[in-house]
Amino acid sequence: MAKSFQVPRGTQDIMAPDIYAWQQAEDIIRQMCQLYGYTEARTPMFEDTEVFATANDSSDMVTKEMYTFEDNGHRSLTLRPEGTKGIIRAFVEHKLYGNPGLLPVKLFYLGPMFRYERPQKGRYRQFNQFGIEAIGVKNPQLDVEAITLGYSICRVLGIKNLKIKLNSLGNEASRNAYRQALKEHFKPYLSELCEDCQRRYELNPLRILDCKVDAQHPSFNSVPDIQDYLDEESKAYFEKVKEGLDLLHIPYVIDPKLVRGLDYYTDTVFEAVPVEDNGQQSTVFGGGRYDGLVDYFGGGQLSGVGFGMGMERMIQLAQEQGGEFMDHREADAYVIGLGDVSSHALAVAIALRSSGYVTDLDFQNRGLKAQFKCSERVNAKVIVIIGEDEVKANQVTVKDVAAKTQSTIALKDLIPTIDNIFEHAAEHDDEKAEHHCDCDHDHN
Ligand code: HAM
C-alpha cells in the first residue's frame, strides 16, 4: 500500500486559490520597491553557519531555532533564519561598499526563511519573508523611508488598521549605560527569572525585555525607560526619525520596551502591528538600524537599516481587513472543439496565447454544454468554436460573450476579430468609468 505523506510540521503548501493573493502581493511589493529605488537580491537559502551564529549572539533565533546541518563535505551550514545577514555578507563579498558615490545600496529580497519554532497561527518553521536593506549611509530619513515603504505596501494591499511601534536603542554608549541600568534593576529578582533570562542577564540584559516567559513578572512593570539613557547624539537622531514620520503622517507609538528579538540593532527599532494588537504573532513587519553588521563581515564602519515582513501574516491580515484578492483563475478566451478536432483546437488556443490572450480549452472531449460551463467558470470574454465543418472551411466561430453576438469568420481573421472585441470592451469600460466619475462628482 502506498505510504501517505503530509507536509512537514510548521510548513504549508501554498496553492490556488491562496496563491493568487500571494502573486498579487508579490507584484505590488516588486512595484513599490522599484518606486522606492530598491533592487532585488537573491542570496542562497543556506549559508555558512557562522554567517548567522555571530559571536556572543544571545537571540533565541540563533541559540535555539536554527536548522543547522553538516553537508557531505563536512561544512556546517544553516538554512537562513532571516534575510539581513546573508544580504550583508553579499554586500561585503561583492565589495558594494567600494564606491561611496553609490551608497546607500538599497536591496530587497523575497523568499523562504527557516526557524525551528513552535508552530501556531502566524508562526511557521518555513515562512516567507519580504525584506529590504539600505546599506552604507546613516541618515534618519532612510529609517523613515524604510518604515514608510513597509507601511505603504500594507496599505496598498488593504491593511488599513496598522500602527508602528517605535523605539530607539541609541548608540553604543547609550546602550551600555542602559544595559548597566537593566542589570541593576533585575539584580534583586534574578533568581525568580527563567533560566534563559539568567543567561541573558550576563550576555545581553536587553534580551530580558523580549522574554515571553517572564513578561508578567512584577519587575517588568518598573523597568528603567531606555529614553532616559539616550545620549544627546542618540536623542537627536531619534528626534529626526519622529519628525520624518510626523511629516508623512505615519501613525506610530513610542514603545520603550521594544528591543526586537535579534541582537544587531542600534538606534531605531520598529514593529508594525494591527491597531487592535492581539499579542505575539501579530507583528506584520519589524526591523531597525544596525551599525555593526557590515563591520562584522569585514566591510568597514558602515551602517544599515531595513525590515522583514512575514508574507503569511501580511496576507492573512490583508484578507481579514477586506483586501481584495483574486480567488479564481480568469481567462480571456475559451476554445471549444466539437468532434475530432482536438489538434486544431489546440493550435487555435496557442495562436491566441501567442497574441497575449489567456486561453483555456478542454482536454477531456467533453460535450458542447460541458465546455460552455468550463468557459463560464473562467469567465471567458470570448468563446471560439471550432468543429469539423469549420476545420474543412478554414473558419472558426467567435462568440462575444458580453455583447451576446456570434459570427463565423475566416481563421486568418481570428486575431484581428478578437483584438476588436477587446478594444471595444475597453472603450466601453472607459465610458462606464467616466460616467461613474461624473455621478460621483454630481453627488459631491
Ligand atoms: P524578525 O522580526 O525576526 O526580523 O522577522 C520579521 C518578520 O518576519 C516578523 O515580523 C514576522 O512577520 C515574520 N516572521 C518571523 N518569524 C516568523 C515565523 N516563524 N513564522 C511566520 N512569520 C515569521 C528579521 O528577520 C530581521 N532580519 C528584519 C530586519 C531586516 N531588520 C533589519 N533589516
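# Group meeting: a walk through the model

Let's start with Arg207, which sits in the loop between helix H7 (195-203) and H8. Before I go on, keep in mind that this is a predicted model. Now, is Arg207 buried or exposed? Arg207 counts as buried, because its relative accessible area is 4%, and the cut-off for buried is under 20%. And what does Arg207 touch, if we skip residues up to four places away in sequence? The list is Ser58, Ser59, Arg200, Val259, Arg260, Gly261, Leu262 and Asp263. One distance to go with that: Arg207 and Gly136 are 71 residues apart along the chain, and their C-alpha atoms are separated by 27 Å.

Okay, on to charges. Side chains of opposite charge can pair when their charged atoms come close. How many salt bridges are there in this model? The count comes to 28 salt bridges. I'll go through a few of them.

Take Arg89 and Glu93. Their side chains meet in a salt bridge, 2.9 Å from N to O. Both residues are in helix H4 (residues 84-93), and they are four residues apart, about one turn of the helix. Arg89 has 16% relative accessibility, so Arg89 counts as buried.

Here's another pair within a helix. Glu239 and Lys242 form a salt bridge at 3.0 Å, again N to O. Helix H8 (residues 232-247) holds both of them, three residues apart, which is about one turn of the helix. So how do the two partners sit? Glu239 is partly exposed because its relative accessible area is 45%, while Lys242 is buried, with a relative accessible area of 16%. And there's a network to look at as well: salt bridges that share partners join Asp60, Lys64, Asp196, Arg199 and Arg200.

Asp291 forms a salt bridge with Lys138, and the closest N and O atoms are 2.8 Å apart. Why does this pair tie together parts that are 153 residues apart in sequence? Because Asp291 is in the loop between strand S10 (285-290) and helix H9 (293-296), and Lys138 is in the loop between strand S6 (126-135) and helix H5 (140-156). For Asp291 the relative accessibility is 22%, so Asp291 counts as partly exposed. Lys138 is partly exposed too, because its relative accessibility is 38%.

In strand S6 you'll find Phe127. Phe127 counts as buried, because its relative accessibility is 11%. Leaving aside neighbours within four places in sequence, Phe127 is in contact with Pro81, Gly111, Pro112, Met113, Phe114, Arg115 and Glu312. With Met113, which is 14 residues away along the chain, the C-alpha atoms are separated by 5.5 Å.

Over in helix H5 there's Ser152. Ser152 has a relative accessible area of 17%, so Ser152 is buried. What does Ser152 contact, once neighbours within four places in sequence are left out? Met32 and Tyr36.

Another serine for you: Ser375, in helix H12 (residues 368-377). Ser375 is at 3% relative accessibility and therefore counts as buried. With neighbours within four places in sequence set aside, Ser375 is in contact with Tyr334, Ala380 and Ile383.

Which residues gather in the patch of negative charge? Those are Glu423, Glu427, Asp429, Asp430, Glu431 and Glu434. Pick out Glu427 if you want a landmark: Glu427 lies in helix H14 (residues 414-443). Glu427 counts as partly exposed because its relative accessibility is 45%.

The other patch is nonpolar. Leu346, Ile350 and Phe363 form this one on the surface, and together they have about 300 Å² of accessible area. Leu346 belongs to helix H11 (residues 342-354). With a relative accessible area of 31%, Leu346 is partly exposed. That's my tour, so let's go to your questions.

Notes:
Residues are numbered from 1 along each chain as its sequence is written. This is a predicted model: local features need pLDDT of at least 70, side-chain atom pairs count only at pLDDT 80 or more; totals for chains, interfaces and linings use all residues. Side-chain values use heavy atoms; hydrogens and water are left out. Patches are made of residues with over 30% relative accessible area and no salt bridge: like charges are joined within 9 Å, nonpolar side chains (Val, Leu, Ile, Met, Phe, Trp, Tyr) within 5 Å. Accessible areas come from the Shrake-Rupley method with a 1.4 Å probe; for residues, only the protein chains shown count as cover. A salt bridge is a side-chain nitrogen of Lys or Arg within 4 Å of a carboxyl oxygen of Asp or Glu. Lys and Arg count as positive and Asp and Glu as negative; His and the chain ends are not counted. The place of a charge is taken as NZ of Lys, CZ of Arg, CG of Asp or CD of Glu. Helices (H or I, at least four residues) and strands (E, at least two) are DSSP runs, numbered from the N terminus. Buried means under 20% relative accessible area, exposed over 50%, partly exposed in between (1.4 Å probe, protein chains only). Contact means heavy atoms within 4.5 Å.
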